[in-house]
Amino acid sequence: MKEHGVETPQALASGPSAFVPKEEILQEGEEQPVLMEAFLSMGRVDHVTMVMALHPAYLNCFLRTQHALLQLDGPLPCHWRHYIVIMASARHQCSHLVQLHSSGFLQAGGDERWLQGLHCAPPKLRRLSLINKLLAHRPWLLSREHIQELVGPGDEDRWSLAELIQAVVLLVHSHSLSSFIWGCGVNPEPDHTGGHAFRPPSPSSYSRHSPHSPAHEDGTGRQEWSDAVSEVELLMKRMQLLQQQEEEFSQEEMVTRFEKERTESLLVTPCDDEPQTPPESVSHFVEDADFGYQDFAPRGEQAPPTMRAQDYSWEDHGFSLMNRLYPDMSQLLDEKFQVVSGLTYHTMAMHRGVDTFMLRKAIWNYIHCVFGIRHDDYDYGDVNQLLERSLKVYIKTVACHPEKTTRRMYCGFWRHFRHSEKVHVNLLLLEARLQAALLYALRAIGRYMT
């Protein structure tokens, strides 16, 4: 083609992630059987799959769930499912998913005109816009009335409960997967807009964004390296002290500690120096673009009632309702939650044989706290002991404002940890966020049904 003067595209990125070096991804995952299965199933191994392959046990569950959600029998036609993913991921400006599922939508027989924007989609699909934005940004506002409006009798565009529950799972799956994509700096696919160019990229355009700083070669770098090692040792000591702690607190004290953590989370806000303007190819799938995450308990305002896990949890309430409405998916989601909560390699930075349960639980419960969910039997004082401020900023940004995630945030926490451990944090983020939004949706559906 070049000999005949035809311009040929060149990939802009050198690997699946702008944050995780491709050598680490390939070293860990290139011979994983799950990647071969993904290729045979999808005809490609996309960048998300390659990054997740750092944790093959989780990836196995994730791919099974996603395949069932998009391909297996269900009340919604396959092209509608892809379109719902497009609507959901556009809320977080996730061009990666919008482009991937635009292709999937067309391959499933979808009408190309719908891709001109939400205004071209059928009215029934457009009616999902309200719960889409609520589940994406403020799921605690979802109510029985929102469900009734969609499934109530007498409307030709009404949703059946079976259709709605599948749509809800597609929405929360896509919102949380958008968080993972932004949180891990997943690069555009080579055949997507932004993934290739017809001229070589300038040498400086990627090198100045390198996730590794060569500063370690000078005195400043050595000092930073020493500080990072000290942070790991301090975290290890805190974990050991908390594990040995036998003091029990009253329920009132536990509530006070939760409220203190929730109030402090209001001060954890991402840097908003460079607001991103989404391309039109993404923005025309969004209604009310200014509606975004707002702190569960804004300062000076009356907070909505906290959802207590004791009153509504996945294990005791959400799973059983889901099992009635969408049984196959309830089993897949339950398995995925269990895999991610038990996922451990007993390592922490340079240490081996470490019980990281407390750390993983602190991350999970902090995400639920940000979304207004309180676990009655958990001491939220542990969160402040185990999660440094830079990690809290990263977690809240990826969970609530994923499109604002930067490489600096990613590199700024756990500076001595491996990239696979930071991807592990993102898996916890993905599932904790998904479960939180799903619980609010299931609670609203349950209230409608009763």
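1. Terms first. A residue is called buried under 20% relative accessible area, exposed over 50%, and partly exposed in between (1.4 Å probe, protein chains only). The model is predicted: local features need pLDDT of at least 70, side-chain atom pairs count only at pLDDT 80 or more, and totals for chains, interfaces and linings use all residues. Residues are numbered from 1 along each chain as its sequence is written, and side-chain values use heavy atoms, with hydrogens and water left out.

2. Salt bridges. Side chains of opposite charge can pair when their charged atoms come close. The structure holds 11 salt bridges. Each is a side-chain nitrogen of Lys or Arg within 4 Å of a carboxyl oxygen of Asp or Glu.

3. Arg308 and Asp311. Their side chains form a salt bridge, at 3.4 Å from N to O. Arg308 counts as partly exposed because its relative accessibility is 26%. Asp311 is also partly exposed, at 44%. A network of salt bridges links Arg308, Asp311, Arg374 and Asp376.

4. Lys336 and Glu431. Here the salt bridge spans 2.7 Å, N to O. Glu431 lies in helix H21 and Lys336 in helix H16 (residues 327–342), so the pair ties together parts that are 95 residues apart in sequence. Helices are DSSP runs (H or I, at least four residues), numbered from the N terminus. Are the two partners buried or exposed? Glu431 is buried, at 0% relative accessibility. Lys336 is buried too, at 1%.

5. Arg418 and Glu421. This salt bridge has an N to O distance of 3.7 Å. Arg418 is partly exposed, with 30% relative accessibility. Glu421 is buried, with a relative accessible area of 9%.

6. Arg433 is found in helix H21, which covers residues 419–449.

7. Polar partners of Arg433. Its side chain makes a polar contact with the side chain of Ser179, at 2.8 Å. A polar atom of the Arg433 side chain also lies 3.3 Å from the backbone oxygen of Ala399. A polar contact is a pair of N or O atoms within 3.5 Å; within protein, one must be able to donate a hydrogen and the other to accept it, and residues adjacent in sequence count only if both atoms are side-chain atoms. Leaving aside neighbours within four places in sequence, Arg433 is in contact (heavy atoms within 4.5 Å) with residues including His92, Leu135, His175, Phe371 and Pro402.

8. The second largest pocket. Its volume is about 760 Å³. A pocket, on a 1 Å grid over the protein atoms alone, is an open set of points with protein on both sides within 12 Å along at least five of seven lines; lining residues have an atom within 4 Å of a point. The lining has 32 residues, and Ser41, Met42, Gln66, Leu70 and Gln71 lie nearest the centre. Helix H4 gives the largest share of this lining, eight residues.

9. The cavity. How many cavities of 30 Å³ or more does a search of the whole structure find? One. A cavity is a set of points where a 1.4 Å probe fits but cannot get out. Arg91, Leu118, Ser129, Asn132, Phe285, Val286 and Glu287 line the largest cavity.

How values were computed. Helices (H or I, at least four residues) and strands (E, at least two) are DSSP runs, numbered from the N terminus. Grid points are joined across faces, edges and corners, and a volume is the space filled by probe spheres set on the points.
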